[in-house]
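The following note is intended for a colleague who is meeting this structure for the first time.

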Amino acid sequence: MKRYHCAVELAVDLIGGKWKPVILAHLKEGAHRYGELRRRMPGVSEKMLTQQLRELAADGIVRRLERDGRVPHVEYHLTEVGEELRPALTALYEWGERRAAAAGISFGPAPEAQT
């Protein structure tokens, strides 16, 4: 078992990196299908998104739910453990908004998928 010297070290190990916090921020808004996450995160490769979702699921932070229906699909949700991150994700989002405003950075919508 890996040894940690600080609780933040453990947290960063579980949810750190470039994409995991972004995935969690989107899932904080509610369930998303894989394709929805992909469109909201145009800078991430399919391989990386899949890998990050699998790691988050393996760590019990995200749940992958297969839905049957006319068109079967997979949805991703925050688990109860993932929901515990909601205040931290909100604080991180708000901090990012303040930093963007101070630096004059604006956020645009994700590009539309080309058909």
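1. UniProt positions are given here in the numbering used for this chain, feature names are shortened, and annotations may be inferred rather than shown by experiment. With that understood, the UniProt record, an unreviewed entry, places the feature "domain: HTH hxlR-type" at residues 6–104. The model discussed here is a predicted one. In it, the span of residues 6–104 is 61% helix and 14% strand, and its end C-alpha atoms lie 35 Å apart.

2. As to overall architecture, the chain contains 6 helices and 3 strands. Read from the N terminus, their order is α-α-β-α-α-β-β-α-α. Along the principal axes, the C-alpha atoms fill a box of roughly 50 × 45 × 25 Å. The chain has 115 residues, of which 23% count as buried. When contacts between residues at least 6 apart in sequence are considered, 46% of them join residues at least 24 apart.

3. Helix α4 covers residues 46–58, which makes 13 residues. From first C-alpha to last it reaches 18 Å, close to the 18 Å expected at 1.5 Å a residue. Just after α4, G60 takes a positive phi of about 80 degrees.

4. Which residues of α4 are buried? They are L49, Q52, L53 and L56. These residues lie on the same side of α4, because the arc they cover around the axis is only 100 degrees. On the other side of the helix, K47, R54 and A58 are exposed. The cover over the buried residues of α4 includes three helices, α1 (7–15), α2 (20–28) and α3 (34–40), together with the strands β2 (62–67) and β3 (73–78).

5. The packing of α1 against α2 deserves a separate remark. Their axes come within 8 Å and cross at roughly 80 degrees. The two helices are therefore roughly perpendicular. On the α1 side the residues that meet α2 are D13, L14 and I15; their partners in α2 are K20, P21 and L24.

6. Helix α2 also packs against helix α6, which spans residues 86–103. The axes of α2 and α6 come within 10 Å, with a crossing angle of roughly 110 degrees. This pair is therefore roughly perpendicular as well. The contact is made by P21, L24, A25 and K28 of α2, and by R86, L89, T90 and L92 of α6.

7. Helix α6 itself has 18 residues. It reaches 26 Å from its first C-alpha to its last, close to the 26 Å expected at 1.5 Å a residue. The helix is followed by G104, whose phi is positive, near 70 degrees.

8. Within α6, attention may be drawn to L89. Is L89 buried or exposed? Its relative accessible area is 7%, and since buried means under 20%, L89 counts as buried. Leaving aside neighbours within four places in sequence, L89 is in contact with P21, L24, A25 and K28. P21 and L89 are 68 residues apart in sequence, yet their C-alpha atoms are 7.6 Å apart in space.

Notes: Residues are numbered from 1 along each chain as its sequence is written. This is a predicted model: local features need pLDDT of at least 70, side-chain atom pairs count only at pLDDT 80 or more; totals for chains, interfaces and linings use all residues. Side-chain values use heavy atoms; hydrogens and water are left out. Helices (H or I, at least four residues) and strands (E, at least two) are DSSP runs, numbered from the N terminus. The expected span of a helix is 1.5 Å times one less than its number of residues. Buried means under 20% relative accessible area, exposed over 50%, partly exposed in between (1.4 Å probe, protein chains only). The arc is that of the directions from the helix axis to the C-beta atoms. Contact means heavy atoms within 4.5 Å. Axes are lines fitted to C-alpha atoms, for helices over the stretch in contact, and angles run from 0 to 180 degrees between N-to-C directions. Angles under 35 degrees count as roughly parallel, over 145 as roughly antiparallel, 65 to 115 as roughly perpendicular and the rest as oblique.
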